[in-house]
Amino acid sequence: MTENYRAMWKDLGLDLEAHDGLLAVLGEAYQDIYLSQKNRPAGMGYFDFVMSEVHGLRIKELLDEKKAGRKIIGSYCVFVPEEIALAANATLVGLCSGADFAMEEVERILPRNTCALIKSSFGFKLGKVCPYLESADMIVGENTCDGKKKAYESLSDLVKNLYVMDLPQVKSDHGKALLKAEYNRFRKAVEGLTGIPVSDKSLKQAIRTVNAKRTAIHRLSALRKADPAPISGLDALLANQVFFYDNPERFTESVHKICDELENRIAEKNGVFPENTPRILVSGCPQAVPNWKLPFIVESSGAVIVGEESCVGERGTRNLTDETGETIEQMMDAIADRYFQVDCAIFTPNPDRLKHIQEMVAAYNADGVIHYGLQFCQPYLMESMPVEKAMEDANIPCLRIETDYSMEDVGQLKTRIEAFIEQLR
Ligand code: BJ8
């Protein structure tokens, strides 16, 4: 941290001692996992800075925005449209976390067999260590998987400002109508929060801002098709994770900067791994900060990750919102159309996800797929079976792993992943 933010954290109600402990562990993990990588693109310096200030400068910026009359909205899912928040003078930040915290307290509220992602969000609240959660004027939960749906009932006892969005489970006309209605209800709620009505002008600008951010990430993803890979999967994942926290315009600019650098690297055949390194597509549950366990194991075992079929990755960013609408209604329709394409495993049936995995394998020239399932995540663990079968039918090696946020299984995972990579050579 470049400044002392203790007074700010105290005002937010954080437990300073617990928070110090968390930052110390995070800093160490970042050093070991990220800063130890060789030949990183210089542009990653920006993301290193963002991470070093993720609880510092970025929170100060959000609090300054609040002082200037803007509202902060926290969300746990890529179905919450950033466009609507921006258009009504609010900033959207991601709240999912990727580390275990205060687990004993969490398991007094949630069953032990709840996925790590949900438990972690509760742990960060109960442990009072998340400045994003404490800065948020509205916290949006969504009815996606059963775990989240039921957990939000308990979360409403812990936070005063929870708003729950209903979501369809079937990709039907009825499902789309529900999504549209829910997005309109959300728009009204955000307008009520900020006191600023969405206008056709503000919504158009917001759509452009979020599309620009996604377009920058698309450019970064496309560059990962090169062999040798110009950027590690760890670094690309970091950019996808920062997508949820950073100021949108600054993020877009920083991603384009790194892409300029990567284009030069590709022209010079300057990779972060040697040419012909086994290439892996990771598919499955989202990997929120600081969940870097899987990519670290993969990339320290002699393979490179070339894509993430995940909500912190291409499932979350791949489609743009149509920008041609002129009225609020047309643009709200375009937003619902765009988000309705997200192929989360909570949908039944969900053939688009399988198709997308196959497309990604081909596009990124992946040699194999690792399906990443969080323990107790029914939707993705269930879908891992047909994914594996489809890959086998296409002669694409596939490894299904089921894990959590603990470090206990690192040795076992490393053994399995090394054997899998050996098979790809
Ligand atoms: S759109 S993937 S961000 S719901 S890992 S909590 S599914 S039991 S995170 Fe998600 Fe939105 Fe879907 Fe994406 Fe449940 Fe599974 Fe836990 Fe999960």
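Let me start with F47 and F251, both of which are buried, where buried means under 20% relative accessible area, exposed means over 50%, and partly exposed covers what lies in between, using a 1.4 Å probe and protein chains only. Before I go on, please keep in mind that this is a predicted model, in which local features need pLDDT of at least 70 and side-chain atom pairs count only at pLDDT 80 or more, while totals for chains, interfaces and linings use all residues. Residues are numbered from 1 along each chain as its sequence is written, and side-chain values use heavy atoms, with hydrogens and water left out.

Now, the structure holds 15 aromatic pairs, and a pair here means that rings of Phe, Tyr or Trp (its six-membered ring) have centres within 6.5 Å, with planes under 30 degrees apart called stacked, over 60 called edge-to-face, and the rest called tilted. F47 and F251 make one of these pairs, an edge-to-face one, with 6.3 Å from centre to centre and 85 degrees between the planes. This pair links distant parts of the chain, since F47 belongs to helix α3 (residues 44-52) and F251 to helix α13 (residues 248-267), 204 residues apart. When I say helix or strand, I mean DSSP runs, H or I of at least four residues for helices and E of at least two for strands, numbered from the N terminus.

F243 and F244 also form an edge-to-face pair, at 5.6 Å centre to centre and 70 degrees between the planes. F243 is buried, with a relative accessible area of 7%, whereas F244, at 23%, counts as partly exposed. Ring pairs join Y46, F47, F243, F244 and F251 into a cluster.

Let me turn to the cysteines. How many disulfides does the structure hold? It holds zero, and a disulfide here is a pair of cysteine sulfur atoms within 2.5 Å. In general, a disulfide is a covalent bond between the sulfur atoms of two cysteines. For C130, the closest cysteine sulfur is in C96, and it is 10 Å away, so the two are too far apart for a bond. C130 is buried, at 8% relative accessible area, and C344 counts as buried too, at 10%.

Leaving out residues up to four places away in sequence, S121 touches Y76, L95, C96 and S97, where contact means heavy atoms within 4.5 Å. S121 counts as buried, at 9% relative accessibility.

Next, please look at helix α19, residues 410-424, whose 15 residues reach 21 Å from the first C-alpha to the last, close to the 21 Å expected at 1.5 Å a residue; that expected span is 1.5 Å times one less than the number of residues. Which residues of α19 are buried? They are L413, I417, F420, I421 and L424. Seen down the axis of α19, the buried residues fall within an arc of 100 degrees, so they line one face of the helix, the arc being that of the directions from the helix axis to the C-beta atoms. These buried residues pack against β5 (279-284), α14 (293-299), β7 (368-374) and β8 (398-403). On the other side of α19, Q412, T415, E422 and Q423 are exposed.

Finally, two charges over rings. K171 lies over the face of F347, 4.4 Å from the ring centre, and the charged end of R338 sits over the ring of Y339, 4.5 Å from its centre. The cut-offs for this are NZ of Lys or CZ of Arg within 6 Å of the ring centre and within 35 degrees of the ring normal.
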